[in-house]
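Subject: Structure handover

Hello,

Here is the structure for you to look through. My notes follow below it.

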Amino acid sequence: MEIKSYIDEGNLEQYCFELNNADLGNEIAALRPAHPEIGQELNQIGLAIEKLAQSHAITPSPGLQNRIMAALGIAEEKIDLDNLPPTSKYSNYESWLKAVEHLIPAEPFDDFFAYPLQQNEQIAQTLVITRLNVPEEIHEVVAESFFILKGTCTCTVGKEIFTLNAGDYLAIPLHISHDIRIDSPYVIAILQHQFS
């Protein structure tokens with residue numbers, strides 16, 4: 001067998017991407033001791049794959065590890081009301097709900113309740129409990145987002161419609177009209193405004 005032709009045909013690349021191909025794995029394992037260039041080529045392919053993966057790597061958000069660990073039941077994201085993180089699609093709604101539960105009034109709720117959690121030059125976060133729909137509005141300067149802790153609502157953003165449930169996060173783009181319809185008896189959410 002001409003080993004250079006064997007390598008040039010892509011057999012080693014196929015082996016690297018089809019690790020469950022037992023026949024090809026056995027074939028390469030048999031050839032490798034007699035042909036050191038196979039081992040060298042496999043090392044080069046491995047380095048190329050690693051380099052490709054690193055070039056496309058995305059740095060995860062700081063809260064992602066906490067959410068994964070919480071979903072696995074290994075850890076719980078700690079929410080400190082004196083130093084709140086921004087909400088995002090990676091936030092853990094159960095941890096947020098636990099952190100603010102002592103602020104939630106007893107049922108039956110009024111039609112609208114708001115409790116400011118924090119406000120500084122960059123961000124404002126408010127615990128909101130509402131039975132009221134939000135009429136169409138547009139934000140020109142302040143970036144708004146919702147993080148649902150309990151309940152269900154439907155948000156129309158431009159021509160898109162989003163149904164939000166506990167744990168869902170939605171960022172509203174600037175200069176786009178949006179409204180909210182409350183679909184459950186009430187919704188508990190973190191309303192977040194970020195200032196540029």
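Start with helix α3. The cover over its buried residues includes α1, α2 (11-17) and α4 (36-55). Contact here means heavy atoms within 4.5 Å. Helices (H or I, at least four residues) and strands (E, at least two) are DSSP runs, numbered from the N terminus. This is a predicted model, in which local features need pLDDT of at least 70, side-chain atom pairs count only at pLDDT 80 or more, and totals for chains, interfaces and linings use all residues. Residues are numbered from 1 along each chain as its sequence is written, and side-chain values use heavy atoms, with hydrogens and water left out.

**Helix α3**

Which residues of α3 (residues 22-31) are buried? They are Leu24, Gly25, Ile28 and Leu31. Buried means under 20% relative accessible area, exposed over 50%, and partly exposed in between (1.4 Å probe, protein chains only). Down the axis of α3, the buried residues fall within an arc of 130 degrees, so they line one face of the helix. That arc is taken from the directions from the helix axis to the C-beta atoms. Asp23, Asn26 and Ala30 are exposed on the other side of α3.

**Salt bridges**

The whole structure holds 2 salt bridges. The cut-off is a side-chain nitrogen of Lys or Arg within 4 Å of a carboxyl oxygen of Asp or Glu.

One joins the side chains of Lys4 and Asp8, at 2.8 Å from N to O. Both residues sit in helix α1 (residues 3-8), 4 residues apart, about one turn of the helix. An α-helix has 3.6 residues a turn, so residues three or four places apart point the same way. Lys4 is exposed, at 52% relative accessible area. Asp8 is exposed too, at 55%.

Arg181 and Asp183 form a salt bridge through their side chains, at 2.7 Å from N to O. Arg181 is partly exposed, with a relative accessible area of 45%. Asp183 is partly exposed as well, at 36%.

Strands β5 (residues 153-157) and β8 (residues 178-182) pair antiparallel over 5 bridges. Two strands count as paired if DSSP finds at least two bridges between them.

What is the strand order of this open sheet? Its 4 strands run β3-β8-β5-β6, with antiparallel pairing. β3 (134-137) and β6 (160-164) stand at the edges with a single partner strand each, so one side of each has no neighbour in the sheet. Neighbouring strands are turned by 15 degrees against each other on average, direction ignored. For that angle, axes are lines fitted to C-alpha atoms (for helices over the stretch in contact), and angles run from 0 to 180 degrees between N-to-C directions.

β5 is mostly covered, with 4 of its 5 residues buried. β5 and β6 are antiparallel and joined by 5 bridges. Val157 has Glu160 in β6 as its bridge partner. The two strands β5 and β6 make a hairpin with 2 residues between them. Gly158, in the turn, has a positive phi of about 60 degrees.

**Strand β9 and its partners**

Is β9 (residues 187-194) enclosed or open? 7 of its 8 residues are buried, so β9 is largely enclosed by the rest of the structure. Strand β2 (residues 123-130) runs antiparallel to β9, with 8 bridges joining them. Leu127 has Ile190 in β9 as its bridge partner. β4 also pairs with β9 in the antiparallel sense, over 7 bridges. There, Lys150 is partnered by Ile188 in β9.

Look at Ser145 in β4 (residues 143-150). Ser145 is buried, at 2% relative accessible area. Beyond its neighbours within four places in sequence, Ser145 contacts Thr87, Tyr169, Leu170, Ala171, Ile190, Leu191 and Gln192.

**Aromatic pair**

The count is 1 aromatic pair. Rings of Phe, Tyr and Trp (its six-membered ring) pair if their centres lie within 6.5 Å; planes under 30 degrees apart count as stacked, over 60 as edge-to-face and the rest as tilted. Phe109 and Tyr186 pair edge-to-face, 4.6 Å centre to centre, with 85 degrees between the planes. They link distant parts of the chain, 77 residues apart. Phe109 is in the loop between α6 (93-100) and β1 (112-119), and Tyr186 is in the loop between β8 and β9. Both Phe109 and Tyr186 are buried.

Best wishes
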